[in-house]
Amino acid sequence: MALLTSLASFLRRAEAQKQRFPDLTEFRELVIAAIKQHPGVESAIAEPSDPAKINTKIGDVDVTTDVTNLFGYLNSYPNEDAEAAIDRFVRGLAETRLTKVSEDNLIPVIRTLQYVEHLKSMGLDLLYEPLVGEIVVLYMADLPDSISPVAPKDFPGRKFSDLREIALNNVKKWLPKIVSDSQLGFACLYYVEGNTMLSSSLILIDEFWLSIKSQFPDDVLLALPRRDQLFVFDAGNPQAQVGASQIIEVTFNDGFNLLSDKIFERRDGKLLAQA
């Protein structure tokens, strides 16, 4: 229990702290008001069947979006500028309708197969490939205020292997921006400053693993509970398994930007899913 408490503190979550936005439905109304102020928006209406969703019409395109992640983020990080965060969210909503896909903004992100199947059920044609266990590599366009899925048709005549290499090279440009935090002792948190949604993508980059080899020379455990965080554990540490499980528990209780509740391993350079 003491370990779980320290994890909560480490992740900057205080259970006793009053929520900044206590009601999701009321928060959604703030976002709707901001969306309506954006140029090109014809309408923004609350979805009656879901307290987190908004149905927006931008030009002649209908868009459904969900404010759950933004709501959770601003409640968990009370020092963040709420107005600026909502503005980024709205700009991102608009720019995904005007996505300009190119090799320069192609990136690989880690998502679950369930997430991919959800997007496919909405009629989207996706560029993706299985990775390990429940997680896949989904290729997206890295836009100023959001990331947006790309389709095979966006790169006519290009081989998938070539697109994979291009996307990985785009992530490598961010390696100098990696931030690490080893306060927990038995684990290290890694994220990419300035582009945190690439944090979990680091598991795909050989240069990243080489850069931390002095700290983790042997096999490691991985936790990817949120899209913007990567936790690495020394697999030989007796606290690693329990620590990884509790980090996942704390994160999923917080409930935003969620990725996977599974633990993964990197053994002899190969990614594996725990049974």
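Two residues are in contact here when they have heavy atoms within 4.5 Å. By that criterion, residues 24 or more positions apart account for 60% of the contacts in the chain with a separation of 6 or more. The model is predicted, so that local features need pLDDT of at least 70 and side-chain atom pairs count only at pLDDT 80 or more, while totals for chains, interfaces and linings use all residues. Residues are numbered from 1 along each chain as its sequence is written, and side-chain values use heavy atoms, with hydrogens and water left out.

The chain holds 8 helices and 13 strands, taken as DSSP runs (H or I of at least four residues for helices, E of at least two for strands) and numbered from the N terminus. Its C-alpha trace spans about 55 × 55 × 35 Å along the principal axes. The radius of gyration, taken over C-alpha atoms, is 19 Å, which agrees with the value near 19 Å for a compact globule of 275 residues, the rule being 2.2 Å times the number of residues to the power 0.38. Of these 275 residues, 45% count as buried, meaning under 20% relative accessible area with a 1.4 Å probe, protein chains only.

Helix H8 covers residues 240-254, and its end C-alpha atoms are 21 Å apart, in agreement with the 21 Å that its 15 residues should span at 1.5 Å a residue, where the expected span is 1.5 Å times one less than the number of residues. Among the buried residues of H8 are Ala 240, Gly 243, Ala 244, Ile 247 and Thr 251. Just after H8, Gly 255 takes a positive phi of about 85°.

Terms used: Buried means under 20% relative accessible area, exposed over 50%, partly exposed in between (1.4 Å probe, protein chains only).
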